[in-house]
Amino acid sequence: MEIAIILYICCSVTFLLFAIDKLKALAGRRRIPEAVLLTACLLGGALGGLLAMLFCWHKVRKPVFLITVPLLFILQWVGAYFLLCYFYGSSRLLWL
């Protein structure tokens, strides 16, 4: 349960970072560095980054984001599945 809460917080923070960066871009203000956005995705917020890319239409022209963020999302969820299988047993998670 704690892992789900941590992932929710990471995804929410990442979504907010992307949204704030989009607002700053529209206002012509100083932006959040791309390395910060990608690091937030790497640290568990790939779902938030992916959702922000879709809803805010932000960073969708950058190939590094178009490739890295979905790839991190897939890797994080596959990793989460295997961690759940390890801790709770694979027979209880076959339906996933």
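Reply: Helices (H or I, at least four residues) and strands (E, at least two) are DSSP runs, numbered from the N terminus. With that rule, the protein chain of this predicted model has three helices and zero strands, and along the sequence it follows the pattern α-α-α.

Me: What box do the C-alpha atoms of the protein chain fill, and what share of its residues count as buried?

Reply: Taken along the principal axes, the C-alpha atoms fill a box of roughly 55 × 25 × 20 Å. A residue is buried under 20% relative accessible area, exposed over 50% and partly exposed in between, with a 1.4 Å probe and protein chains only; of the 96 residues of the protein chain, 27% count as buried. Residues are numbered from 1 along each chain as its sequence is written, and side-chain values use heavy atoms, with hydrogens and water left out. In this predicted model, local features need pLDDT of at least 70 and side-chain atom pairs count only at pLDDT 80 or more, whereas totals for chains, interfaces and linings use all residues.

Me: At what angle do helix 1 and helix 2 pack?

Reply: Two packed helices are described by the angle between their axes and the distance between the axes. Here the axes are lines fitted to C-alpha atoms over the stretch in contact, and angles run from 0 to 180 degrees between N-to-C directions. Helix 1, residues 2-27, packs against helix 2, residues 34-55, at an angle of about 65°, and their axes are 7 Å apart. Angles under 35 degrees count as roughly parallel, over 145 as roughly antiparallel, 65 to 115 as roughly perpendicular and the rest as oblique, and helix 1 and helix 2 are therefore roughly perpendicular to each other. The contact of helix 1 with helix 2 contains 16 nonpolar residues, five polar ones and one charged one, where Ala, Val, Leu, Ile, Met, Phe, Trp, Tyr, Cys and Pro count as nonpolar, Asp, Glu, Lys and Arg as charged, and the others, Gly among them, as polar.

Me: Which value of phi has Trp57, and which has Lys59?

Reply: Most residues other than glycine have a negative phi. Trp57, in the loop between helix 2 and helix 3, has a positive phi near 55°, and at 58% relative accessibility this residue counts as exposed. Lys59 lies in the loop between helix 2 and helix 3 (63-88), and its phi is also positive, at about 65°, although it is not a glycine.

Me: With which side chain does Lys59 make a polar contact, and with which does His58?

Reply: A polar contact is a pair of N or O atoms within 3.5 Å; within protein, one must be able to donate a hydrogen and the other to accept it, and residues adjacent in sequence count only if both atoms are side-chain atoms. The side chain of Lys59 joins that of Glu34 in a polar contact of 3.2 Å, and Lys59 counts as buried at 10% relative accessibility. His58, placed in the loop between helix 2 and helix 3, makes its side-chain polar contact with the side chain of Asp21 at 2.7 Å, and at 5% relative accessibility His58 counts as buried.

Me: How many aromatic pairs does the structure hold, and why is the pair of Tyr81 and Phe82 given its name?

Reply: A pair of aromatic rings is described by the distance of the centres and the angle of the planes. Rings of Phe, Tyr and Trp (its six-membered ring) pair if their centres lie within 6.5 Å; planes under 30 degrees apart count as stacked, over 60 as edge-to-face and the rest as tilted. The structure holds three aromatic pairs. In one of them, the ring centres of Tyr81 and Phe82 are 5.6 Å apart and the planes stand at 70°, so the pair is edge-to-face. Tyr81 counts as partly exposed at 23% relative accessibility, whereas Phe82 is exposed, with a relative accessible area of 53%.
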